[in-house]
Each structure stands twice: as structure tokens, then as C-alpha cells.
Amino acid sequence: MWARLGNWLDNRLGYRHFLKLLLLEEIPGGARWRYVWGSTLLFVFLLQAFTGVLLMTAYSPGSSTAWGSVYFIQYEMDFGWFIRGLHHFGSQAMIVLLGVHLLQVVLAGAQLPPRELNWWLGLGLLGCVLGLGLTGYLLPWDQKGFWATQVATNILGNVPGIGPFLQRLAVGGPSYGHHTLTRFFTLHVAVLPGLLVLLAVLHLVVFRRHGVTAPAEARQQPSGWFWPDQAFRDLLVCLAVFAVLVFLVLQVHGHPLPPVGEAADAENSSWYARWAHAGREGCGANLDAPADPERQYPARPEWYFLFLFQLLKYFPGEWEVVGTVFLPLGVGLLLALLPLLGYGRCRPVGRVVGVLVVVGLLAGIASLTLLALADDMPEASARALLDWLAQRAIPALTALYLLYLAALGVLPVGRSRQTLFWLGVVLGAGALTGVGGLVYAAQTQQVPAVVAAWLAERQQAVALSPEERQRQQERQEAAAKFQQDVQEAGRLAERALALAQRGIPPAGATELVRRDPKGLFLRYCAGCHSFGDFGPADFHTRQEPGFDKAQFKASDLAGWGTEEWLYEFLCQPQAARFLGRCKDEQGEPRFTRMADWVQQRWRQYQGKEAQLRKQFRKIARWLATSPRSRPAPGSPHTEAYELFTKTFNCVRCHAFADHKGQKNVPQLTGYGSADWLQLFLQGPGLPHLYGENNAMPAFRDLEGAAGALTRQEYAQLLGKKVEEIPFVSISPAERAELVRYLAQEQRQGLPEAISRRE
Amino acid sequence: MSTPSPSADRRSFLRWLIHSLGALLAVVLGAPAVAYLLDPRHRRSAASDFQTVARRSDLVVNQPREVVIRQNRRDAWTVYRDEVVGRVFLVKQPDGQVLAFTTICPHLGCSINYTGQADIPFLCPCHGARYRLDGTRIDPEHNPAPRSMDTLEVRADPEDPDLIQVKYQTFWPMRPQKEPRS
């Protein structure tokens, strides 16, 4: 059946002929493991295209939506963490494989004529891949990508002459915004991949024209075919690369986000849900806090650009442009010129120069990268280890490697050469593993004791000049500061993610963090008010100086205006969490009338406390609805109203609807509602609020907003001068957010934004 | 034909191995990809509760009043607070009872207009579905709509009987019976 279908299709398409062209490539000297690297690059590119298209189905490129959509992919969508993680680590795998491929090409001398055109195509591909990494880094619109890209585009802006113009083109305007994202997105998903495909096809066509560059020993061996011998080797290495990627994705790189409410139940219900949302346990790629131009960030580029970052440190001031522009361009030019050394009698020289240039370049990149890591390492032994690796181990290993290559080049094809070759492969793999292990140990601050002791001994042997000592001290402090900033950024990210779980406002995730009620409460209220067991020490992103819970001067606002809060208040208003902490300048309780009145009731109801409690409960239940008028006939609150106005005669002091009440006693019409709180925050000393008893500043914007009292009017009502009244400046938007939280959200029992302790 | 040479055996074994490993890769990569693409099945529209829309005493018999329904709406990661999610016609019947209809036409989901005219009070501008004040179809034989306008549950506020509360819902168009969309 399949054969007949195949015949039918082949008859129409001729696909077998095409497949034959593709797969029946003769390989002189037979299939070899060293030819696999180009195929792995193609494989990872296809993987990137596949995961990239999947991500495009859920990603939304816009400065107010990008972070939210990536959050959603990472933490909410089934296996979004897996797809995004593969894409994230796939991009890094491409960079690594490019390095290996590059090395492999110059080792074989495959850049030399007649293959120079393919070398140039390859350099173009290298540019495309680096460009894809750079543009992709910005797309989540988180702090990390935002600030790293700021640096990159500013470097572009400092290119002599056309820099400012280029920067404006890249950014899509004078500053970061919608068009930055849409332009980077277009580069990332259309322009660069399109160019890459075009170059890759040409690269393959030219490659097929000239075939593999077989090593010397292969000339004596029979030739083989791509299918299936080489294809099998290629596939096996591709699978190994894929396995490494999956392994990396399964590690914890992100911030865990424990699910709340219904989501938590669903999460625990099945193994499928646990795997589908493993991003919540931190698996996959990291997502930082939303980009916020106002919030500083310890910006570092992705690790494969760290060497450029480190390079800048050696070119301070006006020399910077050498490190940012001229040197990278010069290296690019040098690489491009390599094949030209292969004409005529130059060829053997050209081959050696090619190897020297590329090996030197890769070693230099490795050293610079490790030095950049060392500079950010606060722990002394880890820093010393990275320094040693960068300054001693890598140069030494590079020299050894070059010697090894030279020996291979000189020895005639035969048994001893074969032995040396394999010895080198084994030792090389061991050295790479060793260096990698030590870097990992340094990064995780688990330097083995033996190594640490040896490094310390080495350091003591060298007498440091005072200047050098001073420089080391500064380096230590800078690294400590950096780590502190990184940790703070991490806490902000965790907070942002916890908030995002409740939904992101249409204005975008940046607003989510800026308008975080927890942050606003801390900035404006927590100097006097507590909130449950919550104090600023729990809030990680602002460091409050010397905060002491004993210094609370006003009521606890957790649950303010709810039935429970009102009931507790009625039963014991003098409790510390209500009026107990409110003292005047002499340290005397500020609000005694309410406390005295309640004391009298308890005496009056001696022996019938249960009845009093029941009545207080009724009033609390009614007031918790923030009533503005008497209950309608037939309402369940009629009795509460009777108690409120008649039995207890609360309206003798408190104004309510038509009842006038007294001065300096808060009116209860709409108590606990957003309107009440808005007015109260702007004028707590108004006669129908706390009047002369008030100790709270008025929270207002600098100029009176339309419809609200101006400062002068407020002062007049209080019979004071403007300068005598404490004001705290707050934007209307921030005030509205606080009001929304205190008067609505927390009372509706929505997931706690403030009191939840992460 | 002679028996296959060892080399041919090896080649067919390699081919088999390549296909198997390829299939393994396709599964490890494909299964999560399919699950990821099927993710929208988890998204539900918000469950609606009764909400107050008007005062009974403000309504006039047989004069439809259009009111808006506001809800917090969640669109993937974004929460829109207090957004208009739908519109409802309130029609006070001669017996004092209040009927509530969604403005969504049961034919193909366009928005029904109140014309103010006695013969065709409700008219859908898309395909001309016509309804009476009680929501029933005019001339069902030649009316594109498969059923009457969709009624919503109505009740009086338990604390203030004059307040009318409606439970907003949407229904599948094109079906002869109204079936709620989740």
C-alpha cells in the first residue's frame, strides 16, 4: 500500500530523485564523527524555528503586553515552560556549536581555496546567529533584557558619525517603546531567520560542490556515503545535543511560583498538571521583573556577550569606542581575510595562521568571559579561582593545544600519529571537563577546600603593592554590591510574578509593580499603620531604615471595614490594633470617648455579655455594607439600624445620613467605602471626620485636583494656616490604588496582596 | 538474488535505527508542543452571578430599557476591571413582571436593536431577525432566527425588592434551544 502511494507521489513529484540528490553524497575517506558539527547547527536551528513558531502563537510584542504574555507562557500554559526553555537554551547551544564548527573548519583548513566563498557565507551565518541572540534577549521585556539591550543600543549610538542615526533606527524612536519591540521582533522572527535560511542554503550548496575537507589519513581509506552512515552519526550527536538541552530545561533557572486557590488544587490533582506547569517549580528559562526604566538594575549581557562587556573595561573614557566598535570589527575583518592566505605557495602558512587566529580568538573569549565572571564574584576564593583559570590555566592549555596540533601536523600518517591523536582527544576532553567543573564550582561558590587553600597560598606568596591591595578591595566591594543588587532584583521578580498571578492591568506589567498595594502601603502608610503581622521587613524591594514595629502609632488596617474588624472594634476599641496606639504629644490616649462608651456598655450588660455581643455583631454586619441611608423596609438590617440610632444612640456623636452628629467625630455614612476613604485620605482633619483629634497628614497631590478641596480650602476649614498642616504628596493614581485595595479588594476577600507572606 | 551481504544488513539496521531515533525525538518534542497548542481548552469565561442593573420603579411597561453588564474580565494574563461585557434589554410586562433579554441575536450573534416601532420592536440589523416586545419571533417561518430572544434569570434584590438583578449569560447561536456557553 505504502509503496504504491510512494510510487504515485514520486510519479507526480519526482521526490525520490530529489532525496537521492540530498542523501547520496559521496564522502571521500568515509563517514567521520568530526563532520557532524554543521548538521548539529542545522538541527538546532530547525529546533529554534519550531519552538519559535510555537512561542509566536502566544507571544505579544508590545511594551504593555510582552512581559505578561511571556509570564503566561512560562507559568500558565501547558508545557509553555518547556517550549520556552528549549528555545532559550537552544540559542545558547547554537553559539557553542558555532564555536566548535568554526574551530573544526580551520583545523581542516576548510576556509582555504576553493572554499573561501563558503567561509564568508559562514561568517554571515555567525552574524545572523549573534543578531538573533541579541534581538531575542529583549523580547520578554523584563529588566534583564531591557537593560542589557539599553547597553547594546547605546554602544550602537556611539559609533562615530552615523551612530545616533543607527540607534534611532534600531530603537524605533528617541527612546524605548512600542516600536523598539516591534522592530526587534521583526528582526528576530522574519528578517534574520530569512537571511539565515538564505545563507544556510547557499552554504550547503557550495559545501556540496566542494565536499568535505578530508583529513590526510582519509586519503588511503575507501569513500563512503552520507546515507545512512554519516546521517546516523549526525543524528546521534543531534540527539545528544537535544538531550543536553532537555536536561538544562529541567533544571531550576526561574523563580518558583507556588499556585494559589483553585490552581493549587488542580496542580496537586494529577501528574499531567504537575508536568505541564513545572515552570511553577522554576524549571525552564528565567523571567525577570517587568522592564521599568525608573528602577536601576545590575545589567549584564547574556554569557556569550560577556567577553565584549569585559573588553570595555580596558578601554575607559574616549577609548571606549575602540573596544565597542573597532576591535570587534577588526576581528571580523581578520576572519574574513583568512582564506586569502591560501593562494599558491602561501597555503601551508595560511592554514597555520587560520588555526592560530581562531584558537587564539576562542581562548581570548574564554579568558575574558571568566574575568567578567570573576569581577562579579564576591567570594574571595571563587574569584581567585576564576582569575587563575582566566590568566594562567587557559593560556597554558591553549599553548599545549597548539603544540599538540603542531605535532600532529609534523608526524607522518601512521600508528604513532593515530595514538597521539586519540591521546589528545582524551586529554582535551578531560581538560575541558576540568575547567568546566571548576567554573561551575566557582559560580555556585563551592570551591573545593584543597583548591581554595592552594590559591590562598599562591596569593600570599605574592607581595601586593598598596595600590594593588586597594584595587582588590574595591573589586571585592563592587562584586558584593553587584550580588546584593542581583538578589534584590530577584526578590522584585518574585513579587512581580506573585502579583501577575492575580492578573495584570491593561496598562501593563510595569504598572503592576509600580502600583503594588504592598509597596504603596509601605511607602505611605506603614510609618504609622501596621497590616496584620506584616511589617516592612517582609517587603523586599525597598529597604526601610530602622523600622520598629513598636513604633506603630495608629491602627492595624488588615481587614479594615469588614464585619469582623468592625465587630472586634466595637467590643474593644482600646485594643492596640484599633485606637490603643493613638497617643497625643503627652502620651495620653487620643480617642477616649469611644473606649469609655464601650466600657460603660460592658458594665451595663454585666451578666448579659452574650446579648451585647450579638447586638454589636448585628451593627457590624450592617456597617460592613457601607450603608449611606436607613435600610429599606424588609431589609435584614432593620434591627441593626434600630440599635444604631435608638438603643445605643450612636448618632448622638457620629453623623449618619440625616443625623448630624458632632464635630471631630468621624461620620459613618458610607464608612469603609472607596468614597469615604478617598475623602478621608485627602482631609482626615475635616470637622466631620477626625477634626481636632486628627494626627494623620493629608495625602494629596501638590495641586488640588479638580473637585477636591485645595490646600487653602482645607486649611481654612480647619482654621489653620497651610504651613501648619502636614501634607504628604501622593499622585491621585497611587491614592486610588491604595483606596481600591483597602476599601474594596481586601474587603471582598480577594487573594491577599499585602498580608500574604511569600 | 543472493542472501544480503553483511554490509547491506548493517545499512538496513542503521536505517531502522535512524527512523526509530527520529521518532523518539518527534515524540519528546511533539507531545509537549501539541499540549501547548491545545492550552486554550483550559480558558473559561468567568462565571456570572446576579448583579443589580436597574430599579423596577424606573421602568415603564412595554418600554424596553437597555442596560450594560459590567464585570471584571480576564483575557489570558490581563485583567480588565469593571468592563462592559454585555448589554441587556429590560422589558416590564403589563403584569409588572420584568423580562431580561440579551442583545445578542440567537441567529448568528449580531447585536439586536430596539427600534421604538410597535410592529417590529426588536430588529437585528445583520439578517433581519425580528422579535416582539416579549422576545418571541415575528413570523417564525420567514424569520432567520432559530428561537426567541434569549431570556436571562431575573430576581429582586433580597435586601431591596425594588432593585432588579440579572444573571448575565451568553448562549450558542444557531440552535433551536438555548444552550449556555461556558
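**Questions on a predicted two-chain model**

Tutor: A:Arg621 lies in helix 25 (residues 609–623) of chain A, where a helix is a DSSP run of H or I with at least four residues, numbered from the N terminus. This is a predicted model, in which local features need pLDDT of at least 70, side-chain atom pairs count only at pLDDT 80 or more, and totals for chains, interfaces and linings use all residues. Residues are numbered from 1 along each chain as its sequence is written, chains are lettered from A and ligands numbered from 1 in the order in which they are written, and side-chain values use heavy atoms, with hydrogens and water left out.

Student: Why is A:Arg621 called partly exposed?

Tutor: Its relative accessible area is 43%. Buried means under 20%, exposed over 50%, and partly exposed in between (1.4 Å probe, protein chains only), so A:Arg621 is partly exposed.

Student: Which residues does A:Arg621 touch, not counting residues up to four places away in sequence?

Tutor: They are A:Glu563 and A:His637; contact means heavy atoms within 4.5 Å.

Student: What makes a set of residues a nonpolar core?

Tutor: The members are buried Ala, Val, Leu, Ile, Met, Phe, Trp, Tyr and Cys residues, joined through side-chain atoms within 4.5 Å. The largest such core here has 63 residues, and A:Phe616 is one of those with the most contacts inside it. Leaving aside neighbours within four places in sequence, A:Phe616 is in contact with residues including A:Tyr567, A:Trp597 and A:Phe648. Apart from that core lies another, of 53 residues, with A:Phe82 and A:Phe232 among them.

Student: How many residues of chain A are in contact with chain B, and how much area is buried?

Tutor: In chain A, 44 residues are in contact with 30 residues of chain B. The two chains bury about 3,300 Å² between them, 71% of it on carbon and sulfur atoms; buried area is the accessible area (1.4 Å probe) that two parts lose on being put together, summed over both. In chain A, A:Phe72, A:Trp227 and A:Phe232 lose the most area to chain B, together 17% of what that side buries.

Student: Why is the meeting of A:Asp78 and B:Arg41 called a salt bridge?

Tutor: Their side chains are 3.3 Å apart, N to O. A salt bridge is a side-chain nitrogen of Lys or Arg within 4 Å of a carboxyl oxygen of Asp or Glu, so this pair meets the definition. The count between chain A and chain B is two salt bridges.

Terms used: Helix = DSSP H or I, 4+ residues; strand = E, 2+ residues; numbered from the N terminus.
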